[in-house]
Structure formats: structure tokens, C-alpha cells
Amino acid sequence: EGSLRCFGYTEWEHRVEEIDAFKFRGTAGSFIARKERRPHGHAYWYAYTWGSEGRRKTYLGRPAELTLARLEAMVRKLHKGE
């Protein structure tokens, strides 16, 4: 429902627990992040992007690990070589 912008880590940390997906636009590109739950109940985040090679996926981490620096590193990883 619409777009949400989080300006500080305090707001982001709380919000990431409540949402299931978001789009990240970094300096090197963008990706869609999706929360995936395992049978034991823990949530993990994965980043997805699509290009000429098809879908690319990479592990982002647990909710507490989703820092701006990590998101920027993962967008570079996904878009490397394009």
C-alpha cells in the first residue's frame, strides 16, 4: 500500500519486522527484498533482481542485519557484471 520511506535506523529496525517485502534503490542499482519464513519460525531476508540472465537471488540476512551498508553491498553483488 503505497510507498514508505524510513529515514533513521530506529524507524527502519521496527518497520522491517512488520513488513514482508520492500524495494531498495541503492547507488549501484535496485532489488526487491522479500522475507522468507522457515518452518522453525525464524525470518530471513533475500534480495531478488531480474536481468538478461533471468532471476538472481542473494541472502540478505536476519532482520537485525539489514543495515544500509549491507543493502548497498548486496545491490552491488547482484548487479556486478551487468
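1. Strands here are DSSP runs (E, at least two residues), as helices are (H or I, at least four), and both are numbered from the N terminus. The model is a predicted one, in which local features need pLDDT of at least 70 and side-chain atom pairs count only at pLDDT 80 or more, whereas totals for chains, interfaces and linings use all residues. Residues are numbered from 1 along each chain as its sequence is written, and side-chain values use heavy atoms, with hydrogens and water left out.

2. Overall composition. The protein has two helices and four strands, and along the sequence these follow the pattern α-β-β-β-β-α. Of its 82 residues, 33% count as buried; buried means under 20% relative accessible area, exposed over 50%, and partly exposed in between (1.4 Å probe, protein chains only). The accessible surface comes to about 5800 Å², and 49% of that belongs to carbon and sulfur atoms. These areas come from the Shrake-Rupley method with a 1.4 Å probe; for residues, only the protein chains shown count as cover.

3. The sheet. Four strands form an open, antiparallel sheet in the order β1-β2-β3-β4. β1 and β4 (54-61) stand at the edges with a single partner strand each, so one side of each has no neighbour in the sheet. Two strands are taken to pair if DSSP finds at least two bridges between them. In general, strands of a sheet pair through backbone hydrogen bonds, in either a parallel or an antiparallel sense.

4. The hairpins. β1 and β2 pair in the antiparallel sense over six bridges, and a hairpin of two residues joins β1 to β2. β2 and β3 likewise pair in the antiparallel sense over six bridges. Five residues stand between the strands in the hairpin of β2 and β3, where Gly-41 takes a positive phi near 100°.

5. Arg-37. This residue is placed in strand β2, and its bridge partner in β3 is Ala-43. Arg-37 counts as exposed because its relative accessibility is 52%. Not counting residues up to four places away in sequence, Arg-37 touches His-42 and Ala-43; contact means heavy atoms within 4.5 Å. Asp-20 lies 17 residues from Arg-37 in sequence, with 9.8 Å between their C-alpha atoms.

6. The core. Which residues touch the most other members of the largest nonpolar core? In this core of 15 residues they are Phe-22, Phe-31, Trp-45, Leu-60, Leu-66 and Leu-71. The elements that give two or more residues to the core are α1 (9-18), β1 (21-26), β2 (29-37), β3 (43-51) and α2 (68-79). The largest share, four residues, comes from α2. A nonpolar core is a set of buried Ala, Val, Leu, Ile, Met, Phe, Trp, Tyr and Cys residues joined through side-chain atoms within 4.5 Å. Leaving aside neighbours within four places in sequence, Leu-71 is in contact with Trp-12, Phe-22, Phe-24, Phe-31, Leu-60 and Leu-66.

7. Helix against sheet. α2 lies across β1, β2, β3 and β4, and runs at about 155° to β4. Axes are lines fitted to C-alpha atoms, for helices over the stretch in contact, and angles run from 0 to 180 degrees between N-to-C directions.

8. Thr-58. This residue lies in strand β4 and counts as buried because its relative accessibility is 6%. The side chains of Thr-58 and Lys-77 make a polar contact at 3.0 Å. Such a contact is a pair of N or O atoms within 3.5 Å; within protein, one must be able to donate a hydrogen and the other to accept it, and residues adjacent in sequence count only if both atoms are side-chain atoms. Beyond its neighbours within four places in sequence, Thr-58 is in contact with Tyr-46, Ala-47, Met-74, Lys-77 and Leu-78.

9. Gly-29. This glycine lies in strand β2, and its relative accessibility of 23% is why it counts as partly exposed. Apart from neighbours within four places in sequence, Gly-29 is in contact with Phe-24, Val-75 and His-79. Gly-29 and Arg-76 are 47 residues apart along the chain, yet their C-alpha atoms are separated by 7.3 Å. Across the protein, 30% of contacts between residues at least 6 apart in sequence join residues at least 24 apart.
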